[in-house]
Structure formats: C-alpha cells, structure tokens
Amino acid sequence: MVYGINSESVYAISNDKPRPLEEIYPEIGYKTVEEAVKEFEQHFKHDLKLPLRVPPLTFTHYFGRFNDLGGDMNDYIECVFINENSAEHHYKIDVRHITNKIPIRDKYVKNVFKLNNGTNATYMKISGFNVLVFETDNWQYMLSIDKIVSDKVTP
C-alpha cells in the first residue's frame, strides 16, 4: 500500500460576488412578468388575471417565463417572486390551461377552502412548499410558497 500527503494549497478570492439575479434569470428564459403574461395571452388568445396580492414577504425581484413546449399541451406560465437576501422568500405562480391541468394527488391534500367566487381551492404540502391550487376562467392556478415561512403566510 502507498500512502501520501497532498500538500497543495487552494486559494479563494475573498471578494468573489455572486452574479446578479438580473443576469442569471434572463439566461434561463425569464423576463418581466408583464412580458411573459403578454406572450402567454397571445399564445392562448385569452386574457390572464394574476392574483392581485402577493404574500406579506419582502421580494427584491419578480420574473416571468412563458414555457411554450409546442402546441397548447403542456404550455404554461410561471411567475417567480424572490428575495436575493433571503432564500425562503420565494413565491411562485404557475398557470396552465384547464385541459392540461396538473392532477391533484390526495396524499398531499391538507385542506380545501371555498374562495369568495365559489371556487374550491385545494391546499397541499409538496416537497418543502405549501401549494394552493384552484381553477377559474379555464386556467389552473398553482400558488407555491416555501414552507419555512408558513408562520407568516398561512393558507
């Protein structure tokens, strides 16, 4: 057997800064929420209404991305609200056409709420996120928030 000691030194530059989110997100297809909504509406030829309120958290950035996966099947929009200084301040809205909705699995369902417009909303816990799902105007909405902030963002 041969044993050895590695005496090489590794150096890091202390002033390395992460790249700004304004650079990273556009590289992976994100743009402003308004631009993404416009693309989504033009694609489906139907207006989209996003929720008027966001959770009571501080967000530093808002991005949107229309995912055109070919045709209308599987196409959806995602809007992300993030805080570059607080990883748990992460809120996401996914919207799909009702004909392509994500099925809800009973094992994740924690509660069902009746919304003001009479629609049922399903509250779930999935992979570290609390998710509220409802359908209206031929869209399926999925609102997701990191479960770490569930004391600040209740169902």
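Start by selecting Asn130 and Tyr123: their side chains make a polar contact of 3.2 Å. A polar contact here is a pair of N or O atoms within 3.5 Å; within protein, one must be able to donate a hydrogen and the other to accept it, and residues adjacent in sequence count only if both atoms are side-chain atoms. Before you click on, note that this is a predicted model, where local features need pLDDT of at least 70 and side-chain atom pairs count only at pLDDT 80 or more, while totals for chains, interfaces and linings use all residues. Numbering runs from 1 along each chain as its sequence is written, and side-chain values use heavy atoms, with hydrogens and water left out.

**Around Asn130**

Colour strand β6, residues 129-136, and you'll find Asn130 in it. Helices (H or I, at least four residues) and strands (E, at least two) are DSSP runs, numbered from the N terminus. Is Asn130 buried or exposed? Asn130 has a relative accessible area of 3%, so it counts as buried; the cut-offs are under 20% for buried, over 50% for exposed and partly exposed in between, with a 1.4 Å probe and protein chains only. Show what is in contact with Asn130 (heavy atoms within 4.5 Å): leaving aside neighbours within four places in sequence, the list includes Met124, Leu143, Ser144 and Ser150.

Now step back to Gly128, in the loop between β5 and β6. Gly128 is partly exposed, at 28% relative accessibility. Draw a C-alpha to C-alpha distance from Gly128 to Asp146: they are 18 residues apart in sequence and 6.2 Å apart in space.

**Glu78 and its partners**

Next, select Glu78 in strand β2. Glu78 is buried too, at 3% relative accessible area. Which side chains make polar contacts with that of Glu78? Arg65 does, at 2.9 Å, and so does Asn67, at 2.9 Å.

**The cores**

Select Phe40, Leu48, Ile77, Tyr91, Ile93, Val95 and Trp139, which touch the most other members of the 25-residue largest nonpolar core. Such a core is a set of buried Ala, Val, Leu, Ile, Met, Phe, Trp, Tyr and Cys residues joined through side-chain atoms within 4.5 Å. At least two residues each come from α2 (33-44), β2 (76-82), β3 (90-97), β5 (120-126), β6 and β7 (139-146). α2 gives the most, with five. For a separate second core of six residues, pick Leu21, Tyr30, Phe63 and Val80, which are among them.

**The pockets**

Finish with the pockets. On a 1 Å grid over the protein atoms alone, a pocket is an open set of points where a 1.4 Å probe fits, with protein on both sides within 12 Å along at least five of seven lines; lining residues have an atom within 4 Å of a point. The largest pocket holds about 840 Å³ of space, where volume is the space filled by probe spheres set on the points, joined across faces, edges and corners. Of its 28 lining residues, Arg53, Tyr91, Leu132, Leu143 and Pro155 lie nearest the centre. β6 gives the most to this lining, with five residues.

The second largest pocket has about 250 Å³. Centre on Met124, Ile126, Val131, Met142 and Ser144, the closest to its centre of the 16 residues that line it. β3, β5, β6 and β7 each supply at least two residues of that lining.
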